[in-house]
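Visitor: I have a model to look over with you. Shall we take it sheet by sheet, then step back to the whole?

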Amino acid sequence: MPGSEGAIDNERFQERLKAFLDALPDSMKSDIAFGVPLSPFTTLRVGGKADIYYLARERGALARIVEIAQTLGMPYFLLGGGSNICISDSGVRGLTIHNGCRSVDLGEITHCDTGYSLMQLFLDSVKSNLSGLEFAVGIPGTLGGALASNAGAYRDNIGHLISDVEVVEGGVCKTVSADWMEFSYRDSKLRRGLSPQPVVLSARIQLTPSNHSAIIERARENQRQRIFKQPWYPSAGSFFKNVNDAELAQSLPDLPVPLKMAGVVPAGYLNAACGCKGLRVGDAQVSQRHANFIVNRGCAMAGDIRRLAEIVKRRVRDQFGVELQEEVIYVGDPPDPKS
Ligand SMILES: Cc1cc2nc3c(=O)[nH]c(=O)nc-3n(C[C@H](O)[C@H](O)[C@H](O)COP(=O)(O)OP(=O)(O)OC[C@H]3O[C@@H](n4cnc5c(N)ncnc54)[C@H](O)[C@@H]3O)c2cc1C
C-alpha cells in the first residue's frame with residue numbers, strides 16, 4: 001500500500017531519513033517541509049499529514065529526488081492532483097513528493113511533464129486544433145495520475161495516445177515505450193504496488209490534427225453527460241471499477257442493451273440495486289445522484305469513507321456474488337479496526 005511504512009522499524013527509518021537528507025543537494029534541502037497536511041491537496045478533502053513533503057517544480061529536481069529515494073530505500077509517495085486517492089487519517093509515513101512539474105511542448109507529438117493538468121492539456125490542444133483528448137474534459141488531476149489509472153471516459157482513454165514515457169525505476173532515469181506501462185481498463189503497472197514505485201516524469205502523446213469546431217462539439221457532448229450525472233460534493237470520482245461479466249450482464253433485465261452486449265455492468269448499477277444510494281457513515285455518503293460516487297458531505301474522515309466502501313462491497317458481494325475493486329487508491333495505513 002503506498003505510503004504505508006509498517007515494514008520498517010523507527011530506528012531504521014531514522015537512519016534512512018538521515019542518509020536521504022545528507023544525499024540531497026543543498027538547493028533541494030531548503031524545500032523540504034515536515035508535517036504538512038495533505039487533505040487540501042486532494043479532491044476528497046480527507047487525510048492526515050505527510051511526515052516529509054517536497055514540492056518538485058521541475059523535471060530535473062523530480063528525477064533527482066526520486067533517484068535518491070529509490071537508491072537509499074527511503075519510502076515515498078508520489079502525489080499528483082490528489083483526485084483518485086483516499087489518504088489515511090494517520091497520514092503518510094516517509095516522504096510525499098508533490099508533482100508540480102508543468103512543462104509542455106505541444107504538437108502532433110506532444111511532450112508533457114506529468115505534473116501538468118490533464119484538462120489544461122486538453123484546452124491547450126483545442127487551441128492548436130489537435131484532437132485526441134476530448135474524453136479528458138471534466139477529469140481533474142495531472143497527466144501522471146491519468147497515466148497511473150489509464151484515465152478515460154466515453155469509451156476512450158489516455159493509454160492509447162501514449163508513445164513513450166520517461167520514468168525513474170531502480171534509481172535510474174530512462175525512456176521506455178508505452179508497452180512498459182501495461183495499460184488496461186483503469187489500470188497500469190503504476191497501480192501494482194511495486195516497491196519502490198516507479199515514477200513517470202514525462203510522456204509523449206500522439207494527437208491528430210482536426211477541425212476546431214468538431215473537437216469542441218465532441219468535448220461539449222462529453223461535458224453535457226458529465227454535468228448531468230456527476231455529484232457536486234467533494235469526491236474522488238468513481239469509487240469502484242465497472243465489472244466485466246457477460247453472464248451477470250445478461251441476467252440483469254433492466255441493464256441497457258449496449259452494456260449487455262459489451263458484458264459490462266457499471267459498479268453504480270450494482271450499488272444502486274443494493275439500495276446503497278444515500279447510505280452514510282459520518283459525513284461520508286454514497287451519492288444520491290450517482291451510486292458509484294462516495295462524497296464528503298462536510299467533515300468526513302478517511303476512516304468513514306473506507307468503512308462506507310466496505311459496507312457497499314459487502315452488500316454487492318451478498319446480493320450479486322461480485323467482489324468490487326476500488327478505482328480509488330488508498331494511501332497510508334488502514335484505520336484502526338477498533339476506531
Ligand atoms: C469529479 C471527478 C471526476 C472524475 N472523473 C474521472 C473520469 O471520468 N475518468 C477517470 O478515469 N477518472 C476520473 N476521476 C479520477 C481522477 O481524476 C483520475 O484518475 C486522475 O487521472 C487522477 O490524477 P491525479 O493527478 O489526481 O492522481 P493522484 O490522485 O494524485 O494519484 C493517483 C495515483 O497515481 C500515482 N501517480 C500520480 N502521478 C504519478 C507519476 N507521475 N508517476 C507514477 N505514479 C503517479 C499516485 O502515486 C497515486 O497512486 C475523477 C475524479 C473526480 C474527483
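Visitor: Which order do the four strands of the open sheet take?

Guide: This is a predicted model, where local features need pLDDT of at least 70, side-chain atom pairs count only at pLDDT 80 or more, and totals for chains, interfaces and linings use all residues. Residues are numbered from 1 along each chain as its sequence is written. Strands are DSSP runs of E, at least two residues, and helices are runs of H or I, at least four, all numbered from the N terminus; two strands pair if DSSP finds at least two bridges between them. The pairing here is antiparallel, and the order is β15-β20-β19-β18.

Visitor: Which strands stand at the edges?

Guide: Look for strands with a single partner. One side of each is left without a neighbour in the sheet, because these two have one partner strand each: β15 (235-238) and β18 (280-281).

Visitor: What angle does helix α10 make with β19?

Guide: Helix α10 (residues 302-320) packs on the sheet and touches β18, β19 and β20. Contact means C-beta atoms, placed from the backbone, within 7 Å. Axes are lines fitted to C-alpha atoms, for helices over the stretch in contact, and angles run from 0 to 180 degrees between N-to-C directions. The angle with β19 is about 30°.

Visitor: Which residue is the bridge partner of Val286 in β20?

Guide: Strands β19 (residues 284-286) and β20 (residues 293-296) run antiparallel, joined by three bridges. For Val286, the partner in β20 is Ile294.

Visitor: Does β2 run parallel or antiparallel to β5?

Guide: With β1 (residues 32-37), strand β2 (residues 49-56) runs antiparallel through five bridges, and Val36 stands opposite Ala50. Six bridges join β2 to β5 (residues 92-99), where Tyr54 stands opposite Ile97. The direction of β2 against β5 is parallel.

Visitor: How far apart are the centres of domain 2 and domain 3?

Guide: Domain bounds come from an automatic or database domain assignment. They give domain 1 (10-99), domain 2 (104-212) and domain 3 (232-331). Taken over C-alpha atoms, the centres of domain 2 and domain 3 are separated by 26 Å.

Visitor: What radius of gyration does the protein have?

Guide: The radius is taken over C-alpha atoms, and the globule rule is 2.2 Å times the number of residues to the power 0.38. For 339 residues, a compact globule would be near 20 Å. The protein agrees, at 20 Å.

Visitor: What share of contacts between residues at least 6 apart in sequence join residues at least 24 apart?

Guide: The protein has 10 helices and 21 strands. Among its contacts between residues at least 6 apart, those joining residues at least 24 apart make up 66%.

Notes: Two residues are in contact if their C-beta atoms, placed from the backbone, lie within 7 Å.
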